Amino acid sequence: MHCLSPKMVCETKIVAEDHESIPGSKKDTIIVSSSQMWPSLAGSPSSPPPPLSTPKEDPRRDNVYIREFHPSEQEVVRRIFYEGIMERIPNTAFRGLKQQPLTQLLYGLLAVICFVVTKSFLLTCCLPIFLMGMRYYFSRKVILHYLDCALHTDMSDIEQYYMKPPGSCFWVAVLDGNVVGIVAARGNEEDNTVELRRMSVDSNYRGKGIAKALGRKVLEFAMLNNYSSVVLGTTAVKMAAHKLYESLGFKHVGVVEHYALPGMTRSLLERMFFQLRYHRYRLQLREE
């Protein structure tokens, strides 16, 4: 099977909170604790020290921390990526229709034509169900092809693609000893930018600030390696992903209507039932 360049592939959607900067270098471990997210008020009495007999607990036990990817985590990372992309099938098919006014108008026109031709209220009422079914079918078809292509390119060998080349890295978020989130950075020396890619959080662990911590790690990586800006592209439909990027400081710099994923045939039926909007974001770190 022929796959296009993995550089065409978009990141996955994410949900997160918290908006504080996290220090540390590329090789450092990042800890996001409850005390960082909810600092004590000034002047408030400090809590009494624990009894001397209380054993010191591992600080990583109840906290999320970010560290570099290890080859032994290849399968769990691929699972998180796979599940995140699969969630886009219904989102693109149904929620995505809200962002396509021309498509809505077309579907309305088809309903009118159906009633004029058939004179049947039953068939006219069944038409929207048929149209939504076709949208789901084509969304599943295109996204599964995209997923297969991604799993056979950069996600097939993360160590080789992200950990060995200079200017690139891949991190995982760990909670209670489990990998619960992923993110990658891919540097481009030609324009001195780094691309934030493959960000995804396990659906069972969202709402804990994990995605934002992952995003900040990429920003930290870019600053430590003297990149001038961080860029990303996303086809995410949910507004939570876009709000996350903006909370990290990214600016929306453009949108591509009717974006084509690798493997799309651009047939008439495909264009009628599957549409994507590709949003570009950029965070300028310093002027060139």
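I started with Tyr146 and found this residue buried, at a relative accessible area of 4%. The model I am reading is predicted. Tyr146 sits in helix 5, which covers residues 121–151. Gly263 is 117 residues from Tyr146 in sequence. In space, C-alpha to C-alpha, Tyr146 and Gly263 are 6.5 Å apart.

Next I checked Val117. I located Val117 in helix 4. Is Val117 buried or exposed? Val117 has a relative accessible area of 64%, and the cut-off for exposed is over 50%, so I logged Val117 as exposed.

The patch is nonpolar and takes up about 750 Å². Which element gives the largest share? I noted helix 4, residues 101–118, with 7 residues of the patch. I kept one rule in mind here. An α-helix has 3.6 residues a turn, so residues three or four places apart point the same way.

Then I moved to helix 8, residues 239–247. I listed its buried residues as Ala241, His242, Leu244, Tyr245 and Ser247.

Last, I looked past the end of helix 8. Gly249 follows the helix. I recorded a positive phi for Gly249, near 105 degrees.

Definitions and conventions
Residues are numbered from 1 along each chain as its sequence is written. This is a predicted model: local features need pLDDT of at least 70, side-chain atom pairs count only at pLDDT 80 or more; totals for chains, interfaces and linings use all residues. Side-chain values use heavy atoms; hydrogens and water are left out. Patches are made of residues with over 30% relative accessible area and no salt bridge: like charges are joined within 9 Å, nonpolar side chains (Val, Leu, Ile, Met, Phe, Trp, Tyr) within 5 Å. Accessible areas come from the Shrake-Rupley method with a 1.4 Å probe; for residues, only the protein chains shown count as cover. A salt bridge is a side-chain nitrogen of Lys or Arg within 4 Å of a carboxyl oxygen of Asp or Glu. Helices (H or I, at least four residues) and strands (E, at least two) are DSSP runs, numbered from the N terminus. Buried means under 20% relative accessible area, exposed over 50%, partly exposed in between (1.4 Å probe, protein chains only).
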